[in-house]
Amino acid sequence: MATIYIPSLMRDLTGGREIIRIEGADMRQIIANLETAYPGFRKRLLEEGTQRIKPNIAVMIDGRNARRILIDKVNEQSEIHFLPAISGGG
Amino acid sequence: MSKKVHVQTNINGEAVDFLCEPRNSLLEVLRDELDLTGAKEGCNNGNCGACNVVMDGRLVNSCCVLGVEADGCEITTIEGIGAAANLHPLQQKFLEHAALQCGICTPGFIVSAKALLDSNPNPSEDEVRYWLAGNLCRCTGYDKIVRAVLDARNGA
Amino acid sequence: MSQNGHKVIGTRPIRHDGVDKVTGRAIYGADIQLTGLLYGAIKRSPHPHARIKSIDTSRAEAHPGVRAVVTAHDLPQIADKLADLGEAIVNLRDASNNVLAYGKVLYKGHAVAGVAAVNLHVAQEAVELIDVEYEPLPHVTGVLEAMEDGAPILHEDMKTTSMGEETDKVSNIANHFQHKMGEPDDGFAEADVVVEREFTTQTVHQGYIETHNATALWNEEGQLTIWTSTQGAFSVRDQMSEILQMPISKVKIVPLEIGGGFGGKISVYLDPVAALLSKKTGHPVKMTMTRDEVFEGTGPTPGSYLKVKMGATNDGRLTAATAYMAYEAGAYPGSPVGAGAGCIFTPYDIPNVQIDGYDVCVNKPKTNAYRAPGATNAAFATETVVDEISEKLGVDPLEFRVKNGAKEGTRRADGPVHPVIGCIETTEAALNCEHYRSSLDKTANGKVRGRGVASGYWFNFNGGRSAISVSINPDGTINMLEGSTDIGGSRASIAMQLAETIGLEATDIKPYVVDTDSIGYTDVTGGSRTTFGTGYAAHATGQALIREMKERASKLWDVPADAIDFADGVFSYRDDAEKRGTFKELASQAGDAGGPVVAQVSTNPDGSGGGAFATHVVDVEVDRETGKVDILRYTAVQDAGTAIHPSYVEGQMQGGVVQGIGWGLNEEYIYNDAGSMTNASFLDYRMPTTLDLPMIETIIVEVPNESHPYGVRGVGEVPIVPPPAALANAIYDATGVRLRDLPMSPPRVQQALAENGG
């Protein structure tokens, strides 16, 4: 099971839990299983009616930026973070 | 639109005639009428030096000179300082010292630095910094520009 | 041969585009000339906040020489929708309304109409003849005032969002987010020394010397071509397609040379207006901004309010830190507070952290990225608090930073764990440098002197998308097409990585930045990504060429391709020493064995490594009478991973330092009570000149980035982060007075000294 770090402002959905463990081989499964375990995440994380992460949220898997379209693979040791997306500079 | 005036000048060693409105700056004339786009507009009020040219031996902000004022004058722009086959030592030193990043201020700096070396072939670092304080560069922090000019001095 | 066995990397060749730039031949955005060209100008709001009651363009249209006038009514109406354009998250409706105001103007300088005429002067005359009736509204320009209940509201439909959740409160606070790790209260309880301070910074501008420009041609077939100066041609194409609601295939962007950007030349301003004017007139239309338009009508970087609290034990260990960060977004949401929060405590290993960030709309231009956006504001706060804690503990501030420095495995406050980074190595190099070890007389010429240090962090953005297309000439030189606009020498740094990979000289590669029809999608030159990301693609291109050349050699030599080796620039057949050749030698024959040799590669690495760290040391002299601060000596130390072209790495460091010095000592948007910027010129917005500075010494540390084949880290942005804090710490060392408001300009320093008896 992958380890998911829940941002403090989303911990209302997890009853205050910061770190949770979720089954899934890729991000699509992770989000689906997260929604089943803690309803509300899909609405917070995905663009309405899509399988795309909202543009203002960034997903990091093991310190690497995941793609918005949820195709990234995860493994048993993976650490997943949801962060506010940020813009680059010059 | 006002009536255009006939102006006769010598630019980079060649006789050049042009027509301009009295309100046109020399910078506008150089860029828009004569296709000499090496002089750049950064502020249009004499604060940045990107448009600098030499007029009758004096360094000027071409945005603060009217085209009609150039009548009878000799003007040197960046295009008259050196070309790829015969770069001026300042141009060569700017390249060697990586004294440019975006390059927009570079023509103005080279024109200004040449005017300095023409009048004072062996300036100190302080003199270089004082002279070039009218040219703004936002990329380099000036370090490599000052080094390039110092390295282009006679006997440097 | 340079270090690490590299032949090209680490050397200092003359850049490929250099001669054009020192001779004035390089073509920048405003230099383009086209047949039948018209010139455009923009009508701008004189009010910081007002409802547009009517716009009457009839007098302007009747003015001799005027060819067309456009307003927001000529733009398609766009839904409220976020889009990820390269590296900027953009609300398209806001982007459209910022190009030409619809319904309301939200800042002085907000564009309301555009004119095309036979020359610029006629266009400017016509601008004065556009009659706009306004209903002025109360305005707010300060971040804390804008957050108060009862503040004038910029967007009546805007409610605060919070990590994807929308609240029901109408407010200027567009967004609130929080990072929390551990229990800060417990951490502070463990601490022996706790310091909590408040800081303010003012709006500052990137200050590129080239003003914004765009030349548009909308031809009879509906094909739009834009020649412009931009950090990202593909990002401009995306924005044009969205704002004008036209198919992306109908838009071509030709990036001309760019005269500085620093984050400010990613958003479009003039381009859609020039396009509409061209569509209306059937002629190409060129638009260039004046300097005051650049200050008032483009995106500076925000003013901010920060409160930072940090605690440490007597044995010098940081135990907890909290930060409250409120950044001005300007007229529309989207300040760099998120990035600032990602940087604020990142050079440190702190077990208990909480960071609250607020993105706040005010009646100022929509802010934009500026070199390590958000991080300089943040470091100003953190690094002066760290200085104060070090002093209270009686330890050297750099030794304190080494002891608490982040390293591989340290968890950042926003969650992820650092991979291999050069934070401690950089700090140690500063600690041991000759400048820091030298003594400094504390008084001279009736003035007082002091030394300050500060560190900083900036991300390397995820590598991003880059494409490279190459063709090999029969003489073995290579034409290399790329989509990354070259803002300060990246043609050279990318060409050098290709040359290194295939064993050529840098001068054998001919790099060209090409238009959006001629190369694959390439993300913006920004986020410290170009030498990393497009260099990554250049390395991959070199690998593809090596594979292809082995195939060609296999045909030419009639041997199996997998028995051909490539090393030190030479292809050789394992079983016959006669069968060997350099890349160039093979290139002359390779075309006969399968047609011209070409390669196209695109990459999108999913990570970019651990980011860049810097530590700076500065000596200042303070004139107590005038409050003027002079810089005596400055040393910047930075981890570059691997320096591809050390001169341009040094140049990035020096340039960033000097922008940071300007931010720290002089630069600010000064607003009057009417909400109007009073210093919108280079004379009054005082950027550093040659006379204000000494040489800027540089020390490049190289802790290779494990996510890049040559170990590259982005170097462009982090050098702007430490200077304001380093200067504040040096001023304290000189005067005994701590300054916590930027800029530390002579009047502010003088006042602070008077109030504190310093």
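In the predicted model, K144(B) and E650(C) form a salt bridge in which the closest N and O atoms lie 2.6 Å apart. In total, 5 salt bridges are found across the interface of chain C and chain B. Polar contacts across this interface involve 28 residue pairs, with both residues of each pair at pLDDT 80 or more.

On the side of chain C that touches chain B, at least two residues come from each of α1 (18–22), α4 (120–128) and α18 (646–665). The largest share is that of α18(C), which supplies 9 residues. Classified by residue type, this side of chain C comprises 27 nonpolar, 23 polar and 9 charged residues.

The contact involves 55 residues of chain B and 59 residues of chain C. About 4600 Å² is buried between the two chains, and carbon and sulfur atoms account for 57% of this area. Within chain C, the most area is lost to chain B by V22(C), T690(C) and M695(C), which together make up 17% of what that side buries.

Chain C also contains an open sheet of 3 strands, ordered β6-β2-β8, with antiparallel pairing. Strands of a sheet pair through backbone hydrogen bonds, in either a parallel or an antiparallel sense. The edges of the sheet in chain C are formed by β6 (104–105) and β8 (131–136), each of which pairs on one side only. Strand β2 (residues 50–56) of chain C pairs with β6(C) in the antiparallel sense over 2 bridges. R51(C) is located opposite K104(C), a residue of β6(C).

Key:
Residues numbered from 1 in each chain as written. Chains lettered and ligands numbered in written order. Predicted model: local features only at pLDDT ≥ 70, side-chain atom pairs only at ≥ 80, totals over all residues. Heavy atoms only, no water. Contact = heavy atoms within 4.5 Å. Buried area = accessible area lost by both parts, 1.4 Å probe. Salt bridge = Lys/Arg side-chain N within 4 Å of Asp/Glu carboxyl O. Polar contact = N/O pair within 3.5 Å; in protein donor to acceptor, adjacent residues only side chain to side chain. Helix = DSSP H or I, 4+ residues; strand = E, 2+ residues; numbered from the N terminus. Nonpolar A, V, L, I, M, F, W, Y, C, P; charged D, E, K, R; others polar. Pairing = 2+ DSSP bridges.
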